[in-house]
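Student: I've got a model open on my screen and I'd like to talk it through. Can you take my questions one at a time?

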Amino acid sequence: MPGRPPHADPSFLQILTRLFPLWAILVSAAAIGVPEPFLALSPAITPLLAFVMFTMGVTLTAADFRRIAVRPAPVLAGIGLHYTVMPLAAWLVSWLLDMPPALRVGMILVGSVSSGTASNVMIYLARGDVALSVSISTLSTLVGIVATPFLTRLYVSTDVAVNVWGLLRSIVELVALPVIGGVAVNAFAGRLVRRVEPALPLVAMVAIMTIIGSIVAATRPALAFAGPVVLLAVVLHNGIGLLGGYWGGRLLRLDESTCRTLAIEVGMQNSGLAATLGRLYFGPLAALPGAIFSVWHNISGSVLSAWWAGRPTGDAAPSPAAVTRAP
């Protein structure tokens, strides 16, 4: 959670949470093999995502918002790169691969949402700037309330109907209100939050896995023809984001620790939100890129952070004001 370093000796709950990519792959395989239980959980997708965003809000404090004002330049650089590189890369990749309209919309939704909630832990392990990561994640979530629906309209083909105001309303309901509610709970019941805080990442992870399983089960008939191209698109999209964030920071003459932070913040997306919005507004197939991205970006982020962990930044050691958030 914000302002708290990961324990030097990870607890059992932390180990379970860090193995999220493995659990997500197993859940996806189960949803393909036995889809019925996951299909029965489909009505729970929307409230589960709202709950995940509530758990994010519970981790935020006033200090997280003050950091944005104290150190605005790298935060604004991260937000600018995130909402420039990722939607454009999603449009470019889906166009180059000639993806069907529903999948193209799903890719653009992935590119237009806020940064992923697992990025803070990845950045801590990569010797990045965790306080900066928390600030970017927080502001990215707030900016995304407006940016996501309008970027989706900008990049989606004009022959595809995009309900901009419906998307905006859903993001307010799924993101803004739960996050505000979580912040309020943290402010007025902080002692209770501290007691349940260690279990929140695992609980949120289970919620996200349920969302992934339900979406994979619903798109099972299309996986044979759509799965490989979506996986390729997701790998390319995520890779462009990681490279764009890192080299964008380099072009701005930022230090190595900040560049690593921007790489992961730009490359990781709130793909659970993208999948949910795709399912609500464009059909099950539009949710598939978000579901696959949820699995892949945790794998790539884990690999990249492990590689960077063994390489010094050459900067002063970042303050380990780390976060243990949900994947």
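Student: Is D98 buried or exposed?
Tutor: This is a predicted model, where local features need pLDDT of at least 70, side-chain atom pairs count only at pLDDT 80 or more, and totals for chains, interfaces and linings use all residues. Residues are numbered from 1 along each chain as its sequence is written, and side-chain values use heavy atoms, with hydrogens and water left out. By relative accessible area, buried means under 20%, exposed over 50%, and partly exposed in between (1.4 Å probe, protein chains only). D98 has a relative accessible area of 61%, so it is exposed.

Student: Where does D98 sit, and what is its phi?
Tutor: Helices here are DSSP runs (H or I, at least four residues; strands are E, at least two), numbered from the N terminus. D98 falls in the loop between helix 6 (72–96) and helix 7 (101–112). It isn't a glycine, yet its phi is positive, at about 50°.

Student: Which loop holds R253, and what is its phi?
Tutor: R253 lies in the loop between helix 13 (220–251) and helix 14 (256–267). R253 counts as exposed, at 78% relative accessibility. R253 is not a glycine either, but its phi is positive, at about 60°.

Student: How many residues of helix 14 are buried?
Tutor: Among the buried ones are E256, R260 and E265. Helix 14 is largely enclosed by the rest of the structure, because the buried count is 12 of the 12 residues.

Student: What reaches the backbone nitrogen of S257 at the start of helix 14?
Tutor: Look for a polar contact, a pair of N or O atoms within 3.5 Å; within protein, one must be able to donate a hydrogen and the other to accept it, and residues adjacent in sequence count only if both atoms are side-chain atoms. The atom that comes to within 3.2 Å of that nitrogen is a side-chain oxygen of D255.

Student: What does helix 9 span between its end C-alpha atoms?
Tutor: The expected span of a helix is 1.5 Å times one less than its number of residues. For the 26 residues of helix 9 (residues 130–155), a straight helix would span 38 Å. Between its end C-alpha atoms, helix 9 spans only 31 Å.

Student: Where is the kink in helix 9 centred?
Tutor: The bend at a residue is the angle between axes fitted to the seven residues ending there and the seven starting there. In helix 9 the kink is about 55°, and it is centred on G144.

Student: Which residue caps the N-terminal end of helix 9?
Tutor: Helix 9 is mostly covered, with 20 of its 26 residues buried. At its N-terminal end, a side-chain oxygen lies 3.0 Å from the backbone nitrogen of L132. That oxygen belongs to D129.

Student: How many aromatic pairs are there, and what are the distance and angle for F150 and W165?
Tutor: Rings of Phe, Tyr and Trp (its six-membered ring) pair if their centres lie within 6.5 Å; planes under 30 degrees apart are stacked, over 60 edge-to-face, and the rest tilted. The structure has four such pairs. F150 and W165 make an edge-to-face one, at 5.9 Å centre to centre and 90° between the planes.

Student: Which helices does that pair link?
Tutor: F150 and W165 are 15 residues apart, and their pair links distant parts of the chain. F150 is in helix 9, and W165 is in helix 10 (residues 164–188).
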